[in-house]
Amino acid sequence: MIADSNHMKHAAIALLALLGAVPGRAEAPKVLAVRNARIVTASGAVIDRGNVVVRDGLIEAVGAGAAIPADAWVMEGPGWTVYPGFTDALSTWGIPRAGGG
C-alpha cells in the first residue's frame, strides 16, 4: 500500500503543478516535464520510457526522444503511467461497487 500512496502523492503534486498551486513556490513553473514514464498515447500506442513536456499549460512534446528543456521542473516518472486527457477527481467510473454489484 505504501507504493500506492507514493504514486497518489506524486500524482497530486503533478496536478498541483499543472494548476499552479505547488506549495512553497511563488508561481507555477513555466515548463513541466515528466521523465522516463510509461506513456499511453491517444491512439493507444504505448511508449515504455518516454518524456512529456508541458509549457504554459500546453503539451509541447511527447515521446521517447522528447527533449527536456533546461528550465523545466522535472518529475521522475519510473513506475508512473501517463494517460492523455482529463480525469475528474470525483469520478467513480471504473471503480467496482461495494459488494461486487
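**Entry 1: contacts and conventions**

I began with the contacts, where contact means heavy atoms within 4.5 Å: in the protein chain, residues 24 or more positions apart account for 45% of the contacts with a separation of 6 or more. I noted that this is a predicted model, in which local features need pLDDT of at least 70 and side-chain atom pairs count only at pLDDT 80 or more, while totals for chains, interfaces and linings use all residues. I also noted that residues are numbered from 1 along each chain as its sequence is written, and that side-chain values use heavy atoms, with hydrogens and water left out.

**Entry 2: elements and surface**

I then looked up the secondary structure, taking helices (H or I, at least four residues) and strands (E, at least two) as DSSP runs numbered from the N terminus. The protein chain has one helix and five strands, and from the N terminus on the order is α-β-β-β-β-β.

For the surface I used accessible areas from the Shrake-Rupley method with a 1.4 Å probe, where for residues only the protein chains shown count as cover. The accessible surface of the protein chain comes to about 7400 Å², and 60% of this belongs to carbon and sulfur atoms. With buried meaning under 20% relative accessible area, exposed over 50%, and partly exposed in between (1.4 Å probe, protein chains only), I found that buried residues make up 23% of the 101 residues in the protein chain.

**Entry 3: strand pairing**

Two strands pair if DSSP finds at least two bridges between them. S1 and S2 run antiparallel and are joined by seven bridges, and valine 34 has valine 52 of S2 as its bridge partner. These two strands form a hairpin with five residues between them, and glycine 44 in the turn has a positive phi of about 100 degrees.

S2 and S3 also pair in the antiparallel sense, over five bridges, and here the bridge partner of valine 52 in S3 is valine 62. In this hairpin, which has two residues between the strands, aspartate 56 takes a positive phi near 50 degrees.

**Entry 4: the nonpolar core**

I asked which residues make up the largest nonpolar core, such a core being a set of buried Ala, Val, Leu, Ile, Met, Phe, Trp, Tyr and Cys residues joined through side-chain atoms within 4.5 Å. There are eight residues in all, namely Leu32, Val34, Ala37, Ile39, Val52, Val54, Met75 and Trp80. S1 and S2 each supply at least two residues of this core, and S1 gives the most, with four residues.

**Entry 5: asparagine 51**

I next turned to asparagine 51, which lies in strand S2 and is buried, with a relative accessible area of 9%. I checked its polar contacts (pairs of N or O atoms within 3.5 Å; within protein, one must be able to donate a hydrogen and the other to accept it, and residues adjacent in sequence count only if both atoms are side-chain atoms). The side chain of asparagine 51 reaches the backbone nitrogen of asparagine 36 at 3.1 Å and the backbone oxygen of alanine 66 at 2.9 Å. Not counting residues up to four places away in sequence, asparagine 51 touches several residues, among them Val34, Arg35, Ile39, Val62 and Ile68.

**Entry 6: salt bridges**

How many salt bridges does the rule give? Taking a salt bridge as a side-chain nitrogen of Lys or Arg within 4 Å of a carboxyl oxygen of Asp or Glu, I found that the count comes to three.

In one of them, arginine 35 pairs with glutamate 76, the closest N and O atoms being 2.6 Å apart. This pair links distant parts of the chain, with arginine 35 in strand S1 (residues 31-40) and glutamate 76 in strand S4 (residues 73-76), 41 residues apart. Arginine 35 is partly exposed at 31% relative accessible area, and glutamate 76 is partly exposed at 43%.

Arg55, Glu60 and Asp71 are linked in a network of salt bridges. The side chains of glutamate 60 and arginine 55 meet at 2.5 Å, N to O, whereas between arginine 55 and aspartate 71 the closest N and O atoms are 4.0 Å apart. The latter pair links distant parts of the chain, with arginine 55 in strand S2 (residues 46-55) and aspartate 71 in the loop between strand S3 (58-63) and S4, 16 residues apart. Arginine 55 is partly exposed at 28% relative accessibility and glutamate 60 is partly exposed at 43%, whereas aspartate 71 counts as exposed at 53%.
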